Structure formats: structure tokens, C-alpha cells
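My notes follow in the order I made them.

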Amino acid sequence: MITIKFEAVTQSFYGRTIFQDINAELRSGTITAVTGQNGSGKSTLLKLAAHFMLPAAGRVSVVEDARELRRAELRTRLAMVTPELRFYPRLTARENLAFLLGLRGIELTEIKFQVLLARVGLRDQAVATTVTGEFSTGMRQRLKLAALLAAEADIWLLDEPGANLDAVGRELVLREARQAADEGRLVLWATNDEREEAAADAAIHLAGH
Ligand SMILES: Nc1ncnc2c1ncn2[C@@H]1O[C@H](COP(=O)(O)OP(=O)(O)OP(=O)(O)O)[C@@H](O)[C@H]1O
Ligand SMILES: [Mg+2]
């Protein structure tokens with residue numbers, strides 16, 4: 001059982017407060033949505049959860065069975081989908097995935113690759129021969145989901161994972177997130193979509209300033 005704890009967390013940049021006094025406890029097996037207007041700090045909250053940055057005040061901790069996971073260990077346990085993630089544009093989907101998974105010590109076999117493509121709805125496209133720089137935006141988003149699924153991480157930090165996806169793609173994200181939670185993973189999901197918010201078990205709303 002993994003828990004992410006936000007205790008009286010305040011974040012500010014250059015003296016400007018983005019959000020303050022956030023208290024929340026997120027648990028494995030659940031989906032928590034973080035909502036709020038543009039610039040309210042959703043992506044920042046995910047980065048704090050990942051320990052990519054420190055809060056200005058308060059404490060963010062990730063605890064597994066009463067033992068706190070430190071930064072380095074946390075890296076190996078979480079997977080993140082963010083708008084910032086970029087693939088190498090001159091490499092194919094397979095090459096990009098093989099590289100990303102290689103960093104985690106996971107081998108991408110041909111069968112695993114084919115199963116992943118089918119799971120994210122990329123199988124029928126000419127993905128085998130196309131470099132990712134020539135992918136459509138939605139295809140690239142689906143490839144990010146493939147990387148997420150393949151990482152087998154216990155913590156999923158999803159920053160607007162439905163962005164640029166069609167209705168089928170958004171449905172896919174909802175289904176996979178629910179399945180992940182049912183498998184015992186912890187899902188934290190930044191979104192502005194009402195349906196995605198409604199599909200979550202809990203929500204953190206950032207009011208904005
Ligand atoms: N590293 C940083 N340095 C300085 N300011 C930052 C940094 N990261 C975020 N900010 C600021 O913090 C605020 C919140 O940004 P954040 O990206 O978390 O918002 P968001 O809720 O994810 O917005 P959106 O819905 O547009 O994705 C913004 O005003 C942004 O400019
Ligand atoms: Mg954001």
C-alpha cells in the first residue's frame with residue numbers, strides 16, 4: 001500500500017503563491033483528480049508528488065507500508081504522462097519505447113510492442129515505418145500512454161492524459177486508469193474535463209489566485 005501525503009503544502013515561485021495549505025492523502029487503488037483553472041498549479045502539484053521539486057512550505061511524502069520512499073526509489077516506482085514529454089522525432093515508436101523502457105531495465109520484445117500498440121489503438125496506423133516526428137498529435141499522445149502502460153509503475157501521475165485525444169482515446173484513458181486503480185496502483189490525474197473528474201474517486205480542487 002502506497003500513500004502520497006500532502007501536509008499543509010504551499011507552493012510559490014519568486015514570491016508569488018500558487019496554492020497554499022493543501023492537505024490530502026492519496027492511496028493505492030484510487031484515482032484522485034486535481035482540478036482548477038489554467039495556472040492554478042495542477043502540474044506543479046504533480047511535480048511535487050514526484051519529488052521533482054520541493055514545496056515552499058509543508059511536506060510531501062510518499063510512504064509504502066510505513067516506510068518513506070526517497071527520491072531515487074520513487075523514480076523507479078512512478079510513471080508520468082506530461083505535455084512536456086517529447087519523443088525523439090527521428091526515431092520510430094518502437095525505438096522510442098525501447099529507449100524509454102530500457103532506462104527502467106524493461107525489455108521491449110516484439111510481442112510486447114504489438115500488444116501495447118493494440119492496447120492504445122495504434123496498431124492499424126503505419127507506426128512500424130513512421131518516425132514519431134511524423135505522428136499526429138493524438139498518435140503521439142497515444143504513444144505516451146503506451147510508455148505509461150509498459151512501465152508497470154505503481155504510481156501514475158497523469159497530466160491531462162486525454163489532451164489531443166478523440167472520444168475513443170479519452171475513453172481508453174478512463175478505462176486504463178480505472179483498471180490501474182483496480183490493480184492497486186495509485187493514480188493522480190490533473191484534468192479540466194468534467195467527465196474525467198467525475199470518474200475519479202476523490203478530487204483536489206485548486207482555487208487559483
Ligand atoms: N518552475 C517554475 N518557475 C516559475 N513559475 C512556475 C514554475 N512552474 C510553474 N510556475 C507557475 O505556477 C503557476 C501554476 O503553473 P502550473 O503549470 O502548475 O498550472 P496548471 O494548473 O497545470 O495550468 P494548466 O491548466 O495551464 O496546465 C503558473 O503561474 C506558472 O507560471
Ligand atoms: Mg498543467
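Predicted model: local features only at pLDDT ≥ 70, side-chain atom pairs only at ≥ 80, totals over all residues.

**Entry 1: the ligand.** I began by asking which element contributes the most residues to the shell around ligand 1, and it is α1, with three. I then looked up the whole shell and found 14 residues around ligand 1, the closest being R16, G39, K42, S43 and T44.

Next I went through some contacts made by oxygen atoms of the ligand. A polar side-chain atom of N38 is 2.8 Å from one oxygen atom of ligand 1. From the backbone, G39 brings a polar atom to 2.8 Å from a ligand oxygen, and G41 has a polar backbone atom 2.9 Å from an oxygen of ligand 1. I also checked how much of the ligand is covered: on its own ligand 1 exposes 640 Å², and the protein buries 66% of that. Two elements, β2 (16-27) and α1 (42-49), each give two or more residues to the shell.

**Entry 2: salt bridges.** How many salt bridges does the whole structure hold? My search returned 14. I kept in mind that side chains of opposite charge can pair when their charged atoms come close.

I looked at R77 and E64, whose closest N and O atoms are 2.9 Å apart in a salt bridge. This pair links distant parts of the chain, with R77 in helix α2 (residues 71-77) and E64 in strand β4 (residues 57-64), 13 residues apart. Both R77 and E64 are buried.

Then I turned to D166 and R142, which form a salt bridge at 2.9 Å, N to O. They too link distant parts of the chain: D166 is in the loop between β7 (155-159) and α6 (167-182), R142 is in helix α5 (residues 137-151), and 24 residues separate them. Are the two partners buried or partly exposed? D166 has 44% relative accessibility, so I logged it as partly exposed. R142 has a relative accessible area of 11%, so it went down as buried.

E183, at 45%, is partly exposed. I also noted a network of salt bridges that links R59, E68 and R70.

**Entry 3: aromatic rings.** My search for aromatic pairs gave a count of one. The pair is Y88 with F99, edge-to-face, with 5.5 Å from centre to centre and 75° between the planes. Y88 lies in the loop between β6 (78-81) and α3 (93-102), while F99 is in helix α3, eleven residues away, and the pair links distant parts of the chain. Y88 has 46% relative accessibility and so counts as partly exposed. F99 is partly exposed as well, with a relative accessible area of 39%.

**Entry 4: helix α5.** I came back to the helix that carries R142. Does the span of α5 agree or disagree with what its length should give? At 1.5 Å a residue, its 15 residues should span 21 Å, and the end C-alpha atoms are 21 Å apart, so the two agree. As for cover, 13 of the 15 residues of α5 are buried.

Definitions and conventions
Residues numbered from 1 in each chain as written. Chains lettered and ligands numbered in written order. Heavy atoms only, no water. Salt bridge = Lys/Arg side-chain N within 4 Å of Asp/Glu carboxyl O. Helix = DSSP H or I, 4+ residues; strand = E, 2+ residues; numbered from the N terminus. Buried < 20%, exposed > 50% of the residue type's maximum accessible area, 1.4 Å probe, protein only. Phe/Tyr/Trp six-rings, centres within 6.5 Å; stacked < 30°, edge-to-face > 60°. Expected span 1.5 Å × (residues − 1). Near = heavy atom within 4 Å. Polar contact = N/O pair within 3.5 Å; in protein donor to acceptor, adjacent residues only side chain to side chain. Areas by Shrake-Rupley, 256 points an atom, 1.4 Å probe, with all protein chains shown as cover.
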